[in-house]
Each structure stands twice: as structure tokens, then as C-alpha cells.
Amino acid sequence: MAARAAALDVPYLTGRIVDGAEILSPAAREEISQALKAHEDRTTNQIAVLTVPSLEGDNIEDFAIRVFETWRLGQAEKDNGLLFVVALSDRRMRIEVGYGLEGDLTDLAAGRIIRNVMTPRFKDGDYDSGIRDGVSAAIAILEGKGEMAGSEDAGASTSGPSSGFHLEVPDMPLAERILFGAFIFGIIGLFTIIGVVTPGVGWFLYLFLIPFWAMFPIIVVGVKGALTLLATYLVAFPTAKLLLSRSAWYQKARTDLKTKGRASIGGFTLSSGSSSSGSSGSSSWSSGGGGFSGGGGSSGGGGASGSW
């Protein structure tokens with residue numbers, strides 16, 4: 001009840017654009033409104049834009065859903081509504097997509113519009129262009145006239161055919177990205193070190209970890225960063241292992257595994273799975289220490305958020 005009482009009130013729907021933060025010029029407001037009306041006349045899709053001075057501590061995702069449901073954007077039988085929300089002082093924005101449009105304007109496409117079209121304009125303080133171009137990009141996708149937000153740089157022209165396979169970095173705050181990075185790299189980094197210092201089974205871990213180094217880092221550093229890390233791993237792992245294999249302690253560990261069935265490496269005990277001399281088996285590690293109105297549509301939370 002306390003959370004509900006503290007939630008930001010939903011403004012009245014006074015038109016296709018409700019500029020509570022007063023960041024749009026009259027000319028831009030009129031131009032965008034006309035574009036939204038023309039799109040609704042062609043498709044029946046209802047698109048609205050809301051700007052607020054502040055979220056007042058509210059979550060933009062929750063706020064956008066409340067606005068969408070209160071305004072009931074889209075036709076009841078189609079759920080074809082779309083909402084742009086911009087919170088000025090919080091420097092946050094969101095595109096909330098109705099159920100019926102999620103197949104046309106995916107979360108990925110909405111995220112591209114925010115990152116590639118709106119964010120650069122907002123960083124320059126050009127809110128007119130940011131909102132106008134973001135709305136235009138969404139309309140272009142919904143009407144099947146192009147994907148303005150499909151490229152990594154919306155302002156650059158493409159010089160050749162693009163691949164049909166795209167991966168994008170999820171839109172996460174820096175703190176969450178750091179936490180995910182610590183979790184992901186902590187796990188695969190540990191197994192990588194184990195593979196490097198372990199005789200025999202280490203080469204199996206080298207091959208086993210390739211798909212993990214190829215995919216998991218994308219969440220934190222993106223596609224290009226993940227490719228760089230994968231290439232580094234593919235070269236650094238065997239190089240480090242070959243160099244370590246010449247060291248005295250590595251040779252001793254390999255000999256102990258063959259003759260004693262176990263070896264101690266860096267506070268960990270490595271067992272070959274058998275105590276008999278010359279036996280082989282799977283290895284295991286153990287630690288050695290501690291005018292406009294909505295038509296009745298609804299949204300299920302689809303869309304994307306971002307900041308500038």
C-alpha cells in the first residue's frame with residue numbers, strides 16, 4: 001500500500017502528445033501529432049507520447065505500463081497501442097508496446113530505436129529531433145517501410161548487404177552490467193584457470209569452454225567485445241598451457257597423477273579417480289582451503305527502456 005501511494009500519478013490523456021516536461025517546441029508537437037494521426041488513420045494503431053519532469057523515484061517500466069493501461073491505447077480487439085515515455089530529470093525513456101504490435105515492433109527493434117535514434121539526439125539536447133525521429137522510426141517499422149533503427153549507427157549509410165543475424169546487448173544499467181560481468185567471468189574464468197594448470201583434462205576444458213566464451217560475454221560487452229574475448233581465449237589458453245607445461249611443478253603434477261593418482265596444485269587436490277599406478281579417469285577438483293482517447297488496448301510489458 002505504501003508503494004502504491006508513492007507511485008507517480010498518471011497524467012490525463014489530453015492528446016496524442018502530453019508534454020508534461022515541456023521539452024517539445026510547438027512546431028515539433030504539431031508535426032509529431034499530425035504524423036501519429038496519419039498513421040492511426042492508415043493502420044488503426046494508436047501511438048502516444050508522454051514526457052514528465054521526473055519519475056519521482058518510480059520505475060519507468062512500471063510507470064509506462066500504468067500509463068498504457070490507464071490510457072487504454074490501441075483497439076480493444078487488436079491491442080495495437082504504442083507509448084513513448086520520457087522522464088527528463090531521470091534521463092530515462094521507454095517504448096511500451098501493446099500485445100498486438102509485439103510481433104511487428106519487437107523488444108530488440110524498440111531498443112535499437114532508443115539507442116541508435118533517440119539517445120544521440122537527447123545527448124545533444126535536441127528533444128524535438130529525438131522524439132520526432134524515434135516516432136518516425138517506429139512508424140516505418142510498423143508500416144513495413146523500412147527499419148530505420150536496424151543499423152548500429154542510424155545516421156550512417158550501409159555500403160553492402162547486411163547479415164540476417166543480429167545480436168544486441170541487453171539494455172542494462174552499469175551496476176547490473178558489472179554484477180553480471182563478475183558472475184559470468186568469475187565462473188568461466190575459474191574453469192579457464194583450472195584448464196590451464198591441469199595436466200590432461202585441461203585440453204578437454206579448453207574445447208568445452210569455447211561456446212561459453214563465445215556467448216556469455218555478449219551480455220556484458222556486446223558482440224564485438226565477445227568476439228575479441230573469444231579470439232583472445234583461443235590463442236591465450238593454449239599458449240599459457242604450453243608455457244606452463246615446461247615448468248617443474250607442472251611436470252611434477254603430471255608425474256604424480258600417473259604414479260600416485262593425485263596431485264596438489266595451488267592449494268587444490270587433483271585426483272585421477274584411481275589410486276593404481278598408470279590408471280586414467282575423469283578428474284575432479286576439491287578445495288584445499290576456505291481529443292484523443294484510447295480504444296481499450298493493453299500491454300504485457302513488451303518494449304525497451306534506455307537512458308541518455
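**Close-up views of a predicted protein model**

**View 1. Ile187 sits in helix H6, which covers residues 174-197.** Helices (H or I, at least four residues) and strands (E, at least two) are DSSP runs, numbered from the N terminus. This is a predicted model: local features need pLDDT of at least 70, side-chain atom pairs count only at pLDDT 80 or more, and totals for chains, interfaces and linings use all residues. Residues are numbered from 1 along each chain as its sequence is written, and side-chain values use heavy atoms, with hydrogens and water left out. Buried means under 20% relative accessible area, exposed over 50%, and partly exposed in between (1.4 Å probe, protein chains only).

**View 2. Helix H9 has a kink.** H9 runs over residues 218-244. A straight helix of 27 residues would span 39 Å at 1.5 Å a residue. The expected span is 1.5 Å times one less than the number of residues. H9 spans only 30 Å between its end C-alpha atoms. The kink is about 85° and is centred on Lys224. The bend at a residue is the angle between axes fitted to the seven residues ending there and the seven starting there. Buried residues of H9 include Ile218, Leu230, Tyr233 and Phe237. Lys241 is also one of the buried residues.

**View 3. The largest nonpolar core has 31 residues.** A nonpolar core is a set of buried Ala, Val, Leu, Ile, Met, Phe, Trp, Tyr and Cys residues joined through side-chain atoms within 4.5 Å. Those with the most contacts inside this core are Leu82, Phe84, Ile95, Leu105, Ile113 and Ile131. Helices H2 (26-43), H4 (107-123) and H5 (127-142) each supply at least two residues. So do strands E2 (46-52), E3 (81-87) and E4 (92-98). Which element gives the most to this core? H5 does, with eight residues. A second, separate core has 16 residues, among them Leu50, Ala64, Trp71 and Val85.

**View 4. Glu22 lies in the loop between strand E1 (17-19) and H2.** Glu22 counts as exposed because its relative accessibility is 68%. Glu22 and Val52 are 30 residues apart in sequence. In space they are 8.1 Å apart, C-alpha to C-alpha.

**View 5. The whole protein has 10 helices and eight strands.** Of its 308 residues, 42% are buried.
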